[in-house]
Amino acid sequence: MKILITGAASGIAYLTSLTLAERGHEVYLTCHTKKEADNVKEKVKDYKNITVMKVDITKEEDRQKVLDLNVDVLYNHAATGLGGSIIEADMDKVRENFEVNVFSSFRLLQLVLRQMVDKDSGRIVVMSSIAGTIPIPFGGVYSATKASVTMITKSLQKELFFMGTNVKVAIIEPGLYHTGFNQVFLDNKYDGGKYFEDIKKELYNVEHFLFKIGEKKQLDSIVVQIIRAIEDEKPKSAYRAPLSYALLGRLYSIFRK
């Protein structure tokens, strides 16, 4: 299959790209900047079935050029994280976070989906997060973007069912993995502001400790779920890993008030 993966310069999406290539798929690995793309090209030069592209999903011209690929699978992974308290959130940064995680990803999905519906085949895999189901203090904006992604995708699944199309859509909801994303998120979420000045150091230390002991160091378990979402003949609506976080998310959805 021809598979397009956004935001794949590193971490989960990068490892997924390599794994899919090793399984014989033709992979279009996209990066946000040309510098990232050049670095990744060097790292994957021995993979003949990986094409590295610079695709900024916030740019309409970049989104449009994806259509020329006519892919079988879109794995929408690209995202950014905005931390900080709700009361002190910079609205420009809030809009930027929604622009990347929701609006631009949604627009790319929309364009590729129309192409797939017209040919009555294809699959879209959307990266959400357990943060979309469990609210994170001082991470409410990021949680809100992922909740939006999840709801849009679930609504789309129902629409496609009523249409009777062969196009399928699946959601990925990972827990904590050590990719560097969480560390950047944590380092920025307590910057500035006055309302939580007295306790921000304590909050940072506690959360840093929880990340340290809670993050999965190996990415294999979530990559396996993404591969399943792409390759399963009858994909599930959602794939979650690691198991402990999947259970946590399910318990929260049952017992939340």
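Begin by selecting D120, which counts as partly exposed because its relative accessibility is 33%, where partly exposed lies between buried, under 20% relative accessible area, and exposed, over 50%, with a 1.4 Å probe and protein chains only. D120 sits in the loop between α4 and β5, and D120 has a positive phi of about 55 degrees although it is not a glycine. The model in your viewer is predicted, so local features need pLDDT of at least 70 and side-chain atom pairs count only at pLDDT 80 or more, whereas totals for chains, interfaces and linings use all residues. Residues are numbered from 1 along each chain as its sequence is written, and side-chain values use heavy atoms, with hydrogens and water left out.

Select N70 next, in the loop between α3 (60-66) and β4. The phi of N70 is near 50 degrees, a positive value in a residue other than glycine, and N70 counts as partly exposed because its relative accessibility is 35%. The helices (H or I, at least four residues) and strands (E, at least two) named on this tour are DSSP runs, numbered from the N terminus.

Now show the strands. They include an open sheet of seven strands in the order β3-β2-β1-β4-β5-β6-β7, with parallel pairing; two strands pair if DSSP finds at least two bridges between them. At the edges stand β3 (50-54) and β7 (238-241), each with a single partner strand, so one side of each has no neighbour in the sheet. On average, neighbouring strands of this sheet are turned by 15 degrees against each other, direction ignored. Within the sheet, select β1 (residues 2-5) and β4 (residues 73-76), which pair in the parallel sense over three bridges, and find L4, whose bridge partner in β4 is L74.

Finally, select helix α1 (residues 11-22) and helix α8 (residues 220-231), whose axes come within 10 Å and cross at roughly 55 degrees. That makes α1 oblique to α8, since angles under 35 degrees count as roughly parallel, over 145 as roughly antiparallel, 65 to 115 as roughly perpendicular and the rest as oblique. The contact (heavy atoms within 4.5 Å) is made by I12, L15, T16, T19 and L20 of α1 together with I222, V223, I226, I227 and I230 of α8.

Definitions and conventions:
Axes fitted to C-alpha atoms, helices over the stretch in contact; angles between N-to-C directions.
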